[in-house]
Amino acid sequence: MSKNFVLIGVGGYIAPRHMKAIKDTGNNLVAALDKNDSVGIMDSFFPQASFFTEFERFDRFVDKYHRSHDDKIDYVSIATPNYLHDSHIRFALRNNAYAICEKPLVLNPHNIDQLKIIEEESGKKVYNILQLRLHESIIALKEKISKELQEDPNKIYDIDLTYLTSRGKWYFVSWKGDESKSGGVATNIGVHFFDMLSWIFGSVEENIVHIKNEDVNAGFMKLKNANVRWFLSVNYNYIPEDVKLSGKTTFRSITVNGEEFEFSGGFTELHTRSYEHILSGDGFGLDEARNSINIVSQIRKMDPLGLKGEYHPFCKKVL
């Protein structure tokens, strides 16, 4: 049976993937909210959906919908700035709907504790889009590592995580450049990588930060079965020269014991797969999100050490 959705943050970069996922899974978008009205993309998916630029009118619509329709709003999809996720998840649960929220689920672990209480009160669940867990190459890597760890539970892997995604001056003027709203670079562009690595290689035993600037974060994590050097940046200058010459503005690399792990493709349908996963009752909830939120929250509070200890080689590009 078709489910009814509303989408908060329909004007954002990631919103079209949510609308596509709703449509691809045979469901209906009833209404959408965004403070900005450049949302013509809705015509490609749900031109009949109601649209609001004011939360108060959207809130009234959702409340009235329950009283004036035989069916109900089943899911609230959330693609808003990171610092608003917690509030919008609460809105979903208060309106007796399931919440589907972009990463990072929230900015701090104590937010998860409160949401668990509201989940229990409402009887509804919170789902986080952790799409890397559904990527075929990453699933295959997890299966390979799990098999090797069964044979040698004490095995330690050496991993380098490098992710650079160039952003212009607008980035630092927008909410993404405000750490109190985005959580900073590690949270905004790194949280799903930290989730993936801790999902495969185990919980964090040590967490160190070497660099923490507005455009780059870098550090070292000791997981149960891996040592991870990581470098995350939105600065084009740190992209390798050969990548620049190819015309690319993004560089993504993960090496495991010196071997490049290839997962550059297979991303286009991951939101649809995430929705299928959630609608079948198997989505990733609050407990699955907690580990990565713990990691990025710790990073935010740490003082950088500089070039000491096991730092990522790209750190020399910065310091």
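Which helix gives the most to the lining of the largest cavity? Helix α10 (residues 270–279) does, with 3 residues. This is a predicted model, in which local features need pLDDT of at least 70, side-chain atom pairs count only at pLDDT 80 or more, and totals for chains, interfaces and linings use all residues. Residues are numbered from 1 along each chain as its sequence is written, and side-chain values use heavy atoms, with hydrogens and water left out.

**The cavity**
- A search of the whole structure finds 1 cavity of 30 Å³ or more; on a 1 Å grid over the protein atoms alone, a cavity is a set of points where a 1.4 Å probe fits but cannot get out, and lining residues have an atom within 4 Å of a point.
- The space in the largest cavity is about 30 Å³, a volume being the space filled by probe spheres set on grid points joined across faces, edges and corners.
- Its lining includes Asn-128, Leu-134, His-277 and Phe-284.

**The largest pocket**
- A pocket is an open set of points with protein on both sides within 12 Å along at least five of seven lines.
- The largest pocket holds about 1,200 Å³ of space, and among the residues closest to its centre are Tyr-13, Lys-103 and Trp-175.
- Helix α8 gives the most to this lining, with 4 residues; helices (H or I, at least four residues) and strands (E, at least two) are DSSP runs, numbered from the N terminus.

**The second largest pocket**
- This pocket has a volume of about 220 Å³.
- Strand β11 supplies the largest share of its lining, 3 residues.
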